[in-house]
Amino acid sequence: MTFAELHHQNTPLLIANVWDAASAIAAQQAGYQALGTSSAAMAAMLGYEDGEAMSFDELLYIVTRIGSVSNLPLSVDVEAGFSTNADEIAEHLKRLAETGVVGINLEDSKVVNGVRRLDDALAFSRTLKAIRTRLNAGNHQLFLNIRTDTYLLNHEQALQETLFRGRLYEAVGADGLFVPCLTSEQDIEIISEALNLPLNVMCMPDLTTFGRLKKAGVSRISMGNVVHSAIQSKLKNVLQRIQSQQSFAGVFVDESARY
């Protein structure tokens, strides 16, 4: 089954969002069908803020290491493409495709001076069309999962704006639509019925069960950086326990711990 076909199963495709080789190995051992990188988790691992603070070459190196330890389909979060130029973004995507990457997430917002803002929808769609044209010319078959940040940024007409942008992006070559922070089952149903793109939602505290998401029309479910954050929280607790107890006893509470 191809990566695109995984978006048309009886259950939504649950993407394991990873950030390094070790997390990719764990996800493969846990039986996931596909991997997706988390830009926020990768940035945090390298000590950066999210929002393209890391370089594309750093991203490419980590992606290469992930690909070296896993044979699962890998989709890469390229944020806004690490450029404002369609030719440069397309070149970045080609380099990823050459490592074996099968898909990417590209978002329609940018972080400028620490503030994330939506791009102009028409301008972004023109960029996306140019990127798709360049990829097709080089026969690079990447699944373009386009992220719109209408709900994430609390747009005052989030549903209507998502539908508007979704139709634009579908017309110029998007393969999927990712709407982080979308949790309303009613809105999910409206979006999935109005568009012919597989709909991707992300882990949120009030997101409903996977079964209900499927009924509402969801095709793909992402984790974002929540798993990485949970692990970092546990790491902090372990290190604090060692410091406060002046002992390593707390490290071996988990019977699976080895030395």
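Let's start with two strands: strand 1 and strand 11 run parallel and are joined by 2 bridges. Keep in mind that this is a predicted model. If you want to find the pairing by eye, look for Leu 13, which stands opposite Arg 220 in strand 11.

Now stay with strand 11 and look for another partner. Strand 10, made of residues 199-202, pairs with strand 11 in the parallel sense too, this time over 4 bridges. Arg 220 turns up here as well: in strand 11, it is the bridge partner of Asn 200. How does the chain get from strand 10 to strand 11? It crosses through helix 8, residues 210-216, and this β-α-β crossover is right-handed.

So is strand 11 mostly covered or mostly open? Strand 11, residues 218-222, is mostly covered, with 5 of its 5 residues buried.

Is Gln 9 buried or exposed? Its relative accessibility is 17%, and because buried means under 20%, Gln 9 counts as buried.

What does the Gln 9 side chain reach? It gets to the backbone oxygen of Leu 6, at 2.8 Å. There is also a polar contact of 2.9 Å between the side chains of Gln 9 and Gln 33. Leaving aside residues up to four places away in sequence, Gln 9 touches Met 1, Gln 33 and Lys 214.

Key
Residues are numbered from 1 along each chain as its sequence is written. This is a predicted model: local features need pLDDT of at least 70, side-chain atom pairs count only at pLDDT 80 or more; totals for chains, interfaces and linings use all residues. Side-chain values use heavy atoms; hydrogens and water are left out. Buried means under 20% relative accessible area, exposed over 50%, partly exposed in between (1.4 Å probe, protein chains only). A polar contact is a pair of N or O atoms within 3.5 Å; within protein, one must be able to donate a hydrogen and the other to accept it, and residues adjacent in sequence count only if both atoms are side-chain atoms. Contact means heavy atoms within 4.5 Å. Two strands pair if DSSP finds at least two bridges between them. A crossover is right-handed if, with the strands pointing away from the viewer, the path from the first strand over the helix to the second runs clockwise.
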